[in-house]
Every structure is written in C-alpha cells, then in structure tokens.
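Please consult the sequence and the structure shown here while reading.

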Amino acid sequence: MSLVLWCSVMSLLVFSVPLLPVVVVMTALYHSPLLALCRQVYSAVLKLSHRKVCVSSTHAYVFSNCTHGQAQSVLLTFDLYSSTHASFNIGPQKGEFLDEIVKREAPRRVLELGTHCGYASVRILRLLPPSGKLLTVERDPLTADRGEEIILVAGFKNQQVLTCSSAEAISSLPSHTGNDRLDLVLMDHDPELYLQDLLALQRGNLLSTSCVVLINRALTPGARDLLEYVTARPQSFSVGRHLDGLMEILVHTAV
C-alpha cells in the first residue's frame, strides 16, 4: 500500500469510526517513520471533522432541545446527544473532573483554548465565583458563533469569546484581564500548540502563582512536548490528577 493511500485510509477512518480507537492507533505509531506526515494528515482531518460534527449537529440538537436559561438542562442535552452521536465535548465524566477543579480553585480569571460548542464553557461558568470571568478562544468563526450562542442560551454573560488563534488571544490577554493573572487554563484545542502556548503564557507573566493548567487529550502524540517540558521542571510544575486524557498541571510559582 502506498504512503498516500495509507494516509487516505487513516483520514477516512476518522470519519467512519469512533475517535478513540484512531487516537490509540496513532499513539502506537509514535516512533514510526511515518509519524510526521500522519500527524499532519490526522490534524487536518480532525479540524474538518470538528466543524462537521460539532457545528452542524451538536449545536442544532442542543439549541432545539434544551430549556433555555437553564445551564443544567443545556449540559444534560449535550450529554444526551453525545451518548448516541460523535462529539468533541469532553463529556460528563471529564466534566465532573473539571467541576471538582473549578470548585476547589474558585478561579477569578479563566482562559479556555478551544470553545467547540460551549460545553466546557457552560460547566465552568456555572461554578465561577461572582467576580469570575471566562475568556474562551475559538479560531473557527462558525464554531465560535455557535459556541457563544449556546453559552448565552445557558444564561451566562460573564464571558468573552475571542475568534482568533490561541497565539493571537494570548498576546492580547492583558487588554482583557488588566493586571489580573490567570487562575485556570483549559487547553482543548490543537495538542501540537500546547507547549508553545504555555511558553507564551509564561513569557507574558500571565499565570498566577497557583494557576492550574488542564490539558485535554494529554495522551496524544501532540501533547508529548508539553509533558516533557513540565516534568523536566519540578521546581515550577507538577502533574496532578488525570482522567481519560484530561490532565491537571499545577503551577508552583510565577513562571
């Protein structure tokens, strides 16, 4: 089988089978000479399938079936849809893990990279303290628009959706947060960008001294560079709990 044909088959698999087995296969191929090309193909089709799965299907179902103004109804409708359809939402199990961290940290400033259809945004917003604010970033304009609509349907207004790349959002953060640093960061965008975005947050001195960084899909090859960086600096970071690829990274000092 030619390389082009092999990668084409892998691309088709992303659309035709559940995502998790594909991730497992790609992880197993980490040391393969084909890795670099396959990661590029996988990333490209993942972005295409993201738009197809999340925007066209999930948003329409949630918007039409939830009780507007009730965050819990929005989340339950998301979960009901995800139980029978492909979805990029973190889901109820990871969602409860996220809930525990938000309750424990009571963050005042939260940055979410990867809005998707607003599921994690709603989970965070319903648990923020009165002075809390969420900045959520989504590069794709259609997805950002649909995600913001779901957040508003859930009844929240203490958030801002930035339609730009993660790098552009991070560079503009001081204009949105002033002198406040981030207490919680959720990375659920492209794992290939996790490390460079963490480094940008460090350079900008944007993380509080007790910030928690949550990364989703931590077991995929793209997140490996960030994990190596963090584990090599125990004086500044430690890896906390993790659940099904959602991993907690604790910041010990202003890094």
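Which residue takes a positive phi in the hairpin of E6 and E7? Aspartate 244 does, with a value near 50 degrees, and the hairpin has two residues between the strands. The structure is a predicted model, in which local features need pLDDT of at least 70 and side-chain atom pairs count only at pLDDT 80 or more, while totals for chains, interfaces and linings use all residues. Residues are numbered from 1 along each chain as its sequence is written, and side-chain values use heavy atoms, with hydrogens and water left out.

**Strands.** Helices (H or I, at least four residues) and strands (E, at least two) are DSSP runs, numbered from the N terminus. Two strands pair if DSSP finds at least two bridges between them. Strand E7 (residues 246–251) is joined to strand E6 (residues 237–243) by five bridges, and these strands run antiparallel. E7 also pairs with strand E5 (residues 207–215) in the antiparallel sense, over four bridges. Leucine 250 of E7 is the bridge partner of serine 238 and also of valine 212. Five of the six residues of E7 are buried (under 20% relative accessible area; exposed is over 50% and partly exposed in between, with a 1.4 Å probe and protein chains only).

**Helices.** Helix H9 (residues 194–203) packs on helix H10 (residues 224–231) at an angle of about 45 degrees, the axes being 7 Å apart. H9 is therefore oblique to H10, since angles under 35 degrees count as roughly parallel, over 145 as roughly antiparallel, 65 to 115 as roughly perpendicular and the rest as oblique. In contact (heavy atoms within 4.5 Å) are Tyr194, Leu195, Leu198, Leu199 and Gln202 of H9 with Asp225, Leu226, Tyr229 and Val230 of H10. After H9 comes asparagine 205, which has a positive phi near 55 degrees.

**Salt bridges.** A salt bridge is a side-chain nitrogen of Lys or Arg within 4 Å of a carboxyl oxygen of Asp or Glu. The structure holds 11 of them, including those tabulated below.

| Pair | Closest N and O atoms |
|---|---|
| Aspartate 99 and arginine 123 | 2.6 Å |
| Arginine 241 and glutamate 100 | 3.0 Å |
| Arginine 109 and aspartate 180 | 3.3 Å |

Aspartate 99 and arginine 123 are both buried. Arginine 241 is partly exposed, at 38% relative accessible area, and glutamate 100 is partly exposed at 42%. Both Glu100 and Arg241 belong to a network of salt bridges that also links Arg104, Glu105 and Glu248.

How values were computed:
Axes fitted to C-alpha atoms, helices over the stretch in contact; angles between N-to-C directions.
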